[in-house]
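Me: I would like to learn how to read the packing and contacts in this structure. Could we take one feature at a time?

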Amino acid sequence: MSAFTEAANEAAEAIGHWFSAVYDDLYSLAKASDRAIRDNRGRRDALTDKDLRAIRPAAVGFLDRHHVPEAAGIVLPTGTVDAERGSVEWWRRTGENDAQRVVFNLTPSAAGFYDFQSLEWFTDVVTTGEPTIHGPYLDYAGMDQYILTLMVPFALDGEPVGTAGCDIEVRSLETTMIPILRHIPADAALVSKRDRVIVGNSGRYLVGNRVGDLPKGALRIDIPGTSLGLSLVAAEPLIS
Amino acid sequence: MAELSGVQSQVFRPLPDVLRADAIVDRLRTAISLGLLRQGEQLPVENQLTAMFGVATATVRDALQSLRDQGIIETRRGRSGGTFIIGTPRIDPDSLRQRVLTLSMAELRDLEDEQISNGMACTRLAIDRADPADIDRLERIARQIGVANSPEARVRADSRFHIELAVLAQSERLMATTMRLLTETIESLWNILDSTEDAAWAMSDHLAIVTAIRSGDVDGANAAVRTHVTRNTYRLIAWRLAELYPVEVDR
């Protein structure tokens, strides 16, 4: 056991707690959105874009309870509302208890088309039914930011159709995660399932880099409490 | 139009005149700090500056007045008249450090990435294009950081080395990138890493780059550039995180 094992375990625990709380509430967002859409639709058969607008209070509520995510909502594949296009009902925080709907270009023939139905944060959740975290990645044509996307399955009237989730700007995650990671007296980082650094506590593991083989004496711990494939790595400081 | 974000908002950034005047002041101050414009040198005349910066005459006048007020330039009348550089900008260490505090980890990594790419490109071309005399000169410049004994002197010495790499690469575009990167980083760096130990490290990194160029070793030059840049970034981040997220634990 190395000098920083205990601190690393404690940090992993704290990070697990934080993500569990966000994901629990994403499932609540999915439920509340389902209810809001069904209430708005009433007895009408077909869904309309206006029905989707009804999730606004649920999205605003989520963004009020969680200050790190910057946008939240639901995503539906082609054929749910429109036969030609998918739907992204996405709300970005603009202030306390306030949000603005984000407009995406979802017309396949248009330049700058946001082809989200080919992106992993969507396909993974829809095919596996499991929650995921995707990124960090540059969301070109989407939010156009360096973000992480957290997603859970979304069901409408009991029928799994799409995803519900939120976007976190990489820099906003720093203020929450670095204080936790700084308690580890080593070069440490939170790492994604794909072995990519999400946030680190030094210049050793920088966001977006792949960790690869760990040096001797380093350790890797699974983040407990979530099934997201997140792990924590820690290694002796490069420069002390 | 909906609210713009990230990349988009950069496209539509406003360009008010007052910011342009500030930008000219910043550009000239930095050039003087980096040692590109030296004390006693004469600036181009007003209408030349207007044309080169692509701004209105009034904007150039505002900028020059501001530099005059700061005691950096002086305008003399008469036959041997003109605007001359008479002082060095006083570096405000707090605002330089503040600059680093406001950068996110992603932005610092991006900056590191670009410095590494640019450094590798410069050394690669330097290997192809420099002659032995050029490399001797680079080696003399590489040693300067080791004897520089103030943040200002370290800024000048370190800048001089990286500019000389672009000179040996014989590339105007890489020079422009080098200048922009130096402007963004170098003054903050040496106001944060204010130690002779850091200066000694920088000198040995510089000499490693020179050695690789001299022996035509592209892989070695790439590795030396990477070591140099990542060391600086590692130190900057360590400082930034200690400032922003102090903890009891000794690191």
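Predicted model: local features only at pLDDT ≥ 70, side-chain atom pairs only at ≥ 80, totals over all residues.

Me: Which residues of H5(B) and H9(B) meet?
Reply: On the H5(B) side they are Pro93(B), Leu96(B), Arg97(B), Arg99(B) and Val100(B). Their partners in H9(B) are Glu187(B), Ser188(B), Asn191(B) and Ile192(B). Sorted by class, this contact of H5(B) with H9(B) holds four nonpolar, two polar and three charged residues.

Me: Next, the domains. Into which domains is chain B divided?
Reply: Chain B has domain 1 at 6-85 and domain 2 at 93-244, with their C-alpha centres 26 Å apart. Four residues of domain 1 of chain B and seven residues of domain 2 of chain B make up the contact. The domain 1 side of that contact in chain B has one nonpolar, three polar and no charged residues.

Me: What does the domain assignment of chain A give?
Reply: The assignment for chain A places domain 1 at 15-170 and domain 2 at 172-235. Over C-alpha atoms, the centres of these two domains of chain A are separated by 27 Å. Here 18 residues from domain 1 of chain A and 19 residues from domain 2 of chain A take part in the contact.

Me: Which elements supply the domain 1 side in chain A?
Reply: Helix H1 (5-41), strand E4 (132-138) and strand E6 (159-169) of chain A each give at least two residues to it. The largest share, seven residues, comes from H1(A). By class, the side of domain 1 of chain A that touches domain 2 of chain A has eleven nonpolar, four polar and three charged residues.

Me: Last, the two chains. How many residues does each chain bring to the contact?
Reply: Chain B brings 23 residues and chain A brings 26 residues. On the chain B side, helix H1 (6-11), helix H6 (105-129) and helix H11 (218-244) of chain B each supply at least two residues. H11(B) gives the largest share of that side, eight residues. The side of chain B that touches chain A has eleven nonpolar, six polar and six charged residues.

Note on methods:
Residues numbered from 1 in each chain as written. Chains lettered and ligands numbered in written order. Domains from an automatic or database assignment. Contact = placed C-beta atoms within 7 Å. Helix = DSSP H or I, 4+ residues; strand = E, 2+ residues; numbered from the N terminus. Nonpolar A, V, L, I, M, F, W, Y, C, P; charged D, E, K, R; others polar.
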